[in-house]
Amino acid sequence: MDSSWEERGNLTVSSGSGSESPVPSPAATWAPTAGLAPGEDSGSASFWNTPLNQALSVFVALALFVAMLGLGCTVELSQLGAQLRRPLGLLLALLCQFGLMPFVAFLMALVFALDEVAAVTVLLCGCCPGGNLSNIMSLLVNGDMNLSIIMTTSSTLLALVLMPLCLWVYSRAWINTPLVRLLPLGAVTMTLCSTLLPIGIGVFIRYRFTRVADILLKVSLWSLLVSLVILFILTGTMLGPDLLATIPATVYVVAVLMPLAGYACGYGIATLFHLPPHCKRTVSLETGCQNVQLCTAILKLTFPPELIGSMYMFPLLYALFQAAEAGLFVLVYKVYGKDSYKQEPLVGEEEDTNISYKKLKEEEMPDTSYGTVTAEGHASVLMEPMQTAL
């Protein structure tokens, strides 16, 4: 991957006298626009060439592997048939993750007049699939866990094709810049394909070793928090506060507003589909919560670090604000927004609800899922107007 960038940078132009003059490499052209301060090149370059940076790359790859392994451990093969026969989760994942969020990222990059490096980074984050954080938050707001898991899984698989496509389409606005002309879409696709292995391993472990899958799921959820904290501390410490100060204020504003816009748009889409309240909350969280581990891994493993510069911190900032805003969402729900009725599990439907995340709480979640409303009589309809069956 790096060699292709270097080869394209070593160009020469023949003059009329037959001599050749070197053309400045793209790295030299992009460095000022990559968020690097004028007097900061030597310190940043020294860091990118150190063994510590290589170790950081390995850590990012391992964190992504564990996250995808945990995602695979949430998939119940026994439920896939029923979910595919009613592909509402697949449709919502398609609309929210690859319709709404890339467009929101594109609009914010234009509205705040971001440079090409910041714009590509924001677009990359907006084109990412949903992350495990949405599953945790959906659990805390008594959301539909089946819907949450199928949306996360579907968006991750759809990302193999749609993420590079969306990134290519929306980056056309900056096509005249060297970074976009040499956008490593092939390397992005390879990184996405590499996530299939841990997901497949997780699905197999869930199918054969249920208890082991439950343990791995908990480990992956904790690793989400721990890895982000470690990355934030290491990157901020090693690169120094001066590099963080070079991030434009508009990028911080985008990191704050983008998750909020995702939550609002997701709730709006769920309202258009006339989903019950617990499903609206789920779709909202699924839309705003992006897979920042994947975004960080792609930035770290496919883009030359000298070009990305301080924008490597954007997915970490996005993770910070998306978690804080989702936490406020949960707090408001716990205080003011609990449903006025109690959702009881349907008789004979206990086996249809994914129990992976139930075990993280002391009390079991109600057995609800998106789909057809089931009622035994008019009385049950009045008592449980939003009860749905998988």
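Reader: Which helix gives the most to the lining of the second largest pocket?

Author: H13 does, with 7 residues. This is a predicted model, where local features need pLDDT of at least 70, side-chain atom pairs count only at pLDDT 80 or more, and totals for chains, interfaces and linings use all residues. Residues are numbered from 1 along each chain as its sequence is written, and side-chain values use heavy atoms, leaving out hydrogens and water.

Reader: What makes a residue part of the lining of a pocket?

Author: A lining residue has an atom within 4 Å of a point of the pocket, which is an open set on a 1 Å grid over the protein atoms alone, where a 1.4 Å probe fits, with protein on both sides within 12 Å along at least five of seven lines. Here 19 residues line the second largest pocket, with Leu133, Leu224, Leu225, Leu228 and Ala323 nearest its centre.

Reader: What classes of residue does the lining of the second largest pocket have?

Author: There are 15 nonpolar, 4 polar and no charged residues. Ala, Val, Leu, Ile, Met, Phe, Trp, Tyr, Cys and Pro count as nonpolar, Asp, Glu, Lys and Arg as charged, and the others, Gly among them, as polar.

Reader: Why is the pair of Phe106 and Tyr170 called tilted?

Author: Rings of Phe, Tyr and Trp (its six-membered ring) pair if their centres lie within 6.5 Å; planes under 30 degrees apart are stacked, over 60 edge-to-face, and the rest tilted. The centres of Phe106 and Tyr170 are 5.3 Å apart and their planes are at 45 degrees, so this pair is tilted. The structure holds 5 aromatic pairs.

Reader: Which parts does the pair of Phe106 and Tyr170 tie together?

Author: Phe106 lies in helix H6 and Tyr170 in helix H9 (residues 145-170), so the pair links parts 64 residues apart in sequence. Helices are DSSP runs (H or I, at least four residues), numbered from the N terminus.

Note on methods: Helices (H or I, at least four residues) and strands (E, at least two) are DSSP runs, numbered from the N terminus.
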